[in-house]
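These are my notebook entries on one structure. I set down what I looked up, entry by entry.

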Amino acid sequence: MYTVNNKYEVNIGLEIHCQVISESKLMSGSSARYGGTPNSHVSFYDAAFPGQLPLINKFCIEQAIKTGLGINATINKTSHFDRKHYFYADLPSGYQITQQFAPLVGRGTVEIVNEEGVAKSIRVNRIHVEQDAAKLIHDRNPNFSYVDLNRAGKALMEIVSEPDISSPYEAGEYVKKIRAMVRWLGTCDGNMDEGSMRCDVSLSLRPIGSKTLGTRVEMKNVNSVKFAVQAAEFEAERQAKILDAGETVAQETRLFDPNSGKTKFMRSKEDAIDYKYFPDPDILPLVLEDGLVDKVKAAMPEMPDAKRARYIAEFGMSDANAAQLTSDIAFANYFESAVKSCPDGKSISNWILGDLSALLNEANSSIEDSPVSPGALAELVNIINDGTISGKTAKDVLGFVYTERKSPKDIVAAKGLAQISDTGAIEKAIDEVIASAPDNVAQYRSGKTALFGWFVGQSLKALKGQGNPAMVNEILKSKLG
Ligand code: MN
């Protein structure tokens, strides 16, 4: 168990904002693409011109449902949109449309593995759908700031966890799990450095064994997994110092500064904004049509945990390989495409994660851009399994396939790499080795069996490394024995 100063345990809750991948915004038809000339993806509605009305984007709602199903959450048939008021230059209407009182997605769970290797379930309280704010640009002019409304009104899914996370490490694993999940489902690109996924970290300490939670401090807009871990580590130490000194932790909002690795004061509870939430009078309650959730469910890909279990059961691959192949949908897609042409999934997984990954890493490339197609890798494993080439030669063949972009069979034919499995040819080579070394033969037969390896080596050498090793062993044994 993670503790601070052997006295306190940690409770962390995370609120993660994920921008929905969609063509248009949550409540308007403007483009929701990333980038673009500033203020070019803006409708009258996005700019909060009077008299403009919102219209819920059904696609965005379906993406949030999909994300909810990804954490086995309840999908609420009826949900509401509310106004959250604050006055700031990034919010033209003066309020953000969110789901404060009745969110679309209810309780769910996210499975992580903690630092002790133990599986742990983190409860998610809700996922609500809301609008993103505009982007303020402060670094172009020393005297004033710019506003880019392209981001204003894009759909966000806010995933709110319970304070079940008990260490900075677990916080990092949770963020990674959410990021992998939304990428897997294609509902958010998870790019934290571009701001399409951002998290708020709340942390409190309590004496070990205590049942009541301590006073929490929130850290806003932490934009990488590493920073989430660092922010939690720093904050746990800071609060422990306060408690050790006999003082109380103040409920406040702080900012994490990646340069110093420290959090700094932003505002206290007394300064907390009163958002004056109320139901948006322009938007009717969102009532999902019958069958919509089932329709979304039917279109979902198999989830990583289920896929992982299936790979182990169906292909007999190692747990480590199954975990790695399902950590990223690109790996899983590549694997599944390859096993269509070769039933030996276990070997395929070893080649993908071993030699092929090594080649890709060396070239700083990824599985999506692999010059070796899934079909080519399947063919390679097939010609190893049918004895055409040895596993050792296959490594070279893979290298040639990678650089020359030809099929393994063509490479083997063009370079004469086929394995010799012809009994006559192998016997001939072995006879020559035996005839050339009468002393070693005599020693072997008088009990120095360690010499067997030498005979294997010489025979394979005589066959130019292409002799079928199993056959060489067998024939040598009978001829020497
Ligand atoms: Mn929010």
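I call a residue buried under 20% relative accessible area, exposed over 50% and partly exposed in between, with a 1.4 Å probe and protein chains only. Helices (H or I, at least four residues) and strands (E, at least two) are DSSP runs, numbered from the N terminus. The model is predicted: local features need pLDDT of at least 70 and side-chain atom pairs pLDDT 80 or more, whereas totals for chains, interfaces and linings use all residues. Residues are numbered from 1 along each chain as its sequence is written, and side-chain values use heavy atoms, with hydrogens and water left out.

Entry 1, helix 7. I looked up which residues of helix 7 (residues 329-339) are buried, and found Ala330, Phe331, Ala332, Tyr334, Phe335, Ala338 and Val339. Their cover, by contact (heavy atoms within 4.5 Å), includes helix 2 (168-185), helix 5 (304-315), helix 6 (319-325), helix 8 (345-362) and helix 9. At the start of helix 7, I noted a side-chain oxygen of aspartate 328 within 2.9 Å of the backbone nitrogen of alanine 330.

I found helix 9 (residues 374-385) packed against helix 11 (residues 408-415) at about 55°, the axes being 8 Å apart. Axes are lines fitted to C-alpha atoms over the stretch in contact, and angles run from 0 to 180 degrees between N-to-C directions. Angles under 35 degrees count as roughly parallel, over 145 as roughly antiparallel, 65 to 115 as roughly perpendicular and the rest as oblique; helix 9 and helix 11 are therefore oblique to each other. Helix 9 contributes Ala376, Glu379, Leu380 and Ile383 to the contact, and helix 11 contributes Pro408, Lys409 and Val412.

I looked up the donors (N, O and S atoms within 2.8 Å of the metal, or 3.2 Å for Na, K and Ca). His17 (NE2), Glu130 (OE) and Glu158 (OE) coordinate the manganese ion at 2.1 to 2.2 Å. Glutamate 130 belongs to strand 7 (residues 119-131) and glutamate 158 to strand 10 (residues 155-161), so the pair ties together parts 28 residues apart in sequence. Glutamate 130 is buried at 4% relative accessible area, and glutamate 158 is buried at 7%.

I located threonine 98 in strand 5 (residues 95-98); at 2% relative accessibility, threonine 98 counts as buried. Its side chain makes a polar contact with the side chain of glutamate 130 (2.7 Å). A polar contact is a pair of N or O atoms within 3.5 Å; within protein, one must be able to donate a hydrogen and the other to accept it, and residues adjacent in sequence count only if both atoms are side-chain atoms.
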